[in-house]
Amino acid sequence: MLTQHFPALLVVVPLMAAPLIVFARRSLASWLIALLATAITFGIAASLLAQTLSEGTLVYAMGSWEAPLGIEYRIDAAGAFVAVIVAAMGLIVMPYSRVGIAAEVRSEEHYLYYALMMLCLAGLLGILVTGDAFNVFVFLEVSSLATYVLIAMGRDRRALVAAYQYLLMGTIGATLYVVGVGLLYLETGTLNLADMATRLVDVGDSRGVLAALAFITVGISLKIALFPLHLWLPNAYAYAPSPVSAFLAATATKVSIYVLMRYFFTIFGATEVFDARATGAILLGLSLAAMFIPAVVAIFQHDMKRLLAYSSVSQIGYITLGISLDSVEGLMASAMHLFNHALTKGGLFLVLGGVVLRCGGAGFDRLAGLGHTMPVAAFAMVVGGLSLIGVPGTAGFISKWYLVSAAMHEGQWWLVGAVLASSLLAVIYVWRFVEVAYFRAPPADHPAPGEAPLSMQLPALAMIAACVYFGIDATWSSEVSMRVAEVLMYNPGVGQ
Amino acid sequence: MTLASHFSYWVTVLLLMVGLFIVMARENLIKKLIGLGIFQTAVYLLYIAPGKLIGGVAPIVGGQFAVYSNPLPHVLILTAIVVGVATLALGLALVVRIKEAYGSIDEDEILLMDARDDTSPEPEAKDG
């Protein structure tokens, strides 16, 4: 049966598509291969989510070598949920890319762009599906290396420096993660994540395990761009080609957050991480700092892409805040915000990509009067912005609502005030855009640009519409998020 | 726990710190990459050293062999070396492109040029 190989195919399909694209070389042919591969990948991811929701954890022995000797792929509702987000984002960005990269990437490099997108997709999905600690590192580097090149493809020369800085920070993060895995391997003698979780219980209190926890937490936090380790993110998102910014904003940091959740709740266990040490308090402090400081920085930006990038750092704070509460409700709010923020920020960057194509830049001087020259795009940006703020009727509201109720459930009433105050900062930076787009005259030298091409407009509007849809009918997203939280919290990852 | 019994760990920690310091303290982009290389190499030692037993041989099943070294760390590190080489190659390629675009590989000078770009309205396109 083909379905039983789905966990492997989820990685193999995009991974094999990449060399095919390099052979194809022609821009159109490589785009068609990439489109087909992402469509298949999304189908696989969706079917895996359906399977894991009904049957629980799926285990796949790579090459029929049983774990712990062989490398096993292990996917449960939590991994499949994030995999669906990643694959869906890939599927939305692909049709968009055909026109989206034409202005930003040189035409002889188009096939490389598609090949790298496929490698990035394969790496991100690999992290989600694998059950081996070292494999996570390898996939992390596969996706990261592809990401560095994708960012460097940006039109501005500052993209090169942004990619270089991300390469340094990303490599340090991944290396710290490997140090942590090495220490865990020394303590437990296994790299299989499920096996490791069982054996760590017997290891008990050990300095090696504590050091491993510290290394892995800091290493992955660098990849998450958790404040104050976010310095690589704003430039990387600002100077990357628009479809790349959208794809990364919706997926890369989210996958790393999944890895952190996995290690905290499944491998080390909540008692080791939260009850025995001050991890929760530290994470809470950093999350609060992330919710406020980058949001204030966002207010003072003069470029819409940079503004959205700083807003991303700020929104990541909400997700880690849910983790730091160490409760099912908190985790559920995190999973939900992970999904909702991927929709919102992915959608905003996609809309902005069309605007950049028409206006020649995302600086506020270029965007002046956008409400008159590109009314649909400007309106879509405002709706996305409302979701960033968390206005009722948008996806952002739902996850903030769950986050606030999780905080109240823990008796942390003051956090309600903190979330509200941070949302007010979001009001200010979204208002900056509204002010520029609707209350300023278009620049005099501006040729009246008109809306973005349909192939860019449709995917972008679909994402923004999804933002509103999941803000009104959150049944599916809340049910799945609840399952994800339960899987992370109660299932120690040991075979079923 | 003496210095001698944990010698390989001390060397690992020292190399990690030296590498990280170079990455943070140097302005030259190539030197930063050298530091990054040292930082990654330290991890190879962390994995390989504990896998070796004194007098241990390759894991060959046979009567005359009693003590085996663990081969798994070697294989893992082979993978990590490949990743390290790829990262270094990409990093150097980026430095070449930065040199072409900015005419400098000094981080301070590059950031200064970027700051100037931010105040002037039209940044130069990198492909000319």
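The backbone oxygen of A:V419 lies 2.8 Å from a polar atom of the A:S423 side chain, a polar contact being a pair of N or O atoms within 3.5 Å in which, within protein, one must be able to donate a hydrogen and the other to accept it, and residues adjacent in sequence count only if both atoms are side-chain atoms. This is a predicted model, in which local features need pLDDT of at least 70 and side-chain atom pairs count only at pLDDT 80 or more, while totals for chains, interfaces and linings use all residues; side-chain values use heavy atoms, with hydrogens and water left out. Residues are numbered from 1 along each chain as its sequence is written, and chains are lettered from A and ligands numbered from 1 in the order in which they are written.

- A:S423 is placed in helix α18 (residues 414-439) of chain A; helices (H or I, at least four residues) are DSSP runs, numbered from the N terminus.
- A:S423 counts as buried because its relative accessibility is 9%, where buried means under 20% relative accessible area (1.4 Å probe, protein chains only).
- Apart from neighbours within four places in sequence, A:S423 is in contact with A:Y318, A:I389 and A:K400, contact meaning heavy atoms within 4.5 Å.

**Surroundings of A:F81**

- A:F81 belongs to helix α3 (residues 77-100) of chain A and, at 2% relative accessibility, is buried.
- Outside the four places on either side in sequence, the contacts of A:F81 are A:L49, A:A335, A:F339, A:W476, A:V480, A:S481 and A:V484.
- The C-alpha atom of A:F81 is 10.0 Å from that of A:Y258, although 177 residues separate the two along the chain.

**Helix pair within chain A**

- The axes of helix α5 (residues 133-152) and helix α10 (residues 242-275), both of chain A, come within 12 Å and cross at roughly 160 degrees; axes are lines fitted to C-alpha atoms, for helices over the stretch in contact, and angles run from 0 to 180 degrees between N-to-C directions.
- α5(A) and α10(A) are therefore roughly antiparallel, a class for angles over 145 degrees.
- On the α5(A) side, A:A133, A:V136, A:T147, A:L150 and A:I151 meet A:V244, A:L248, A:V259 and A:Y263 of α10(A).
- The residues of this contact divide into 8 nonpolar, 1 polar and no charged.

- Helix α6 (residues 158-188) of chain A and helix α2 (residues 29-51) of chain B have axes that come within 10 Å and cross at roughly 10 degrees.
- That angle makes α6(A) roughly parallel to α2(B), the class for angles under 35 degrees.
- The contact of α6(A) with α2(B) comprises 18 nonpolar, 4 polar and 1 charged residues; Ala, Val, Leu, Ile, Met, Phe, Trp, Tyr, Cys and Pro count as nonpolar, Asp, Glu, Lys and Arg as charged, and the others, Gly among them, as polar.

How values were computed: Helix = DSSP H or I, 4+ residues; strand = E, 2+ residues; numbered from the N terminus. Buried < 20%, exposed > 50% of the residue type's maximum accessible area, 1.4 Å probe, protein only. Parallel < 35°, antiparallel > 145°, perpendicular 65-115°, else oblique.
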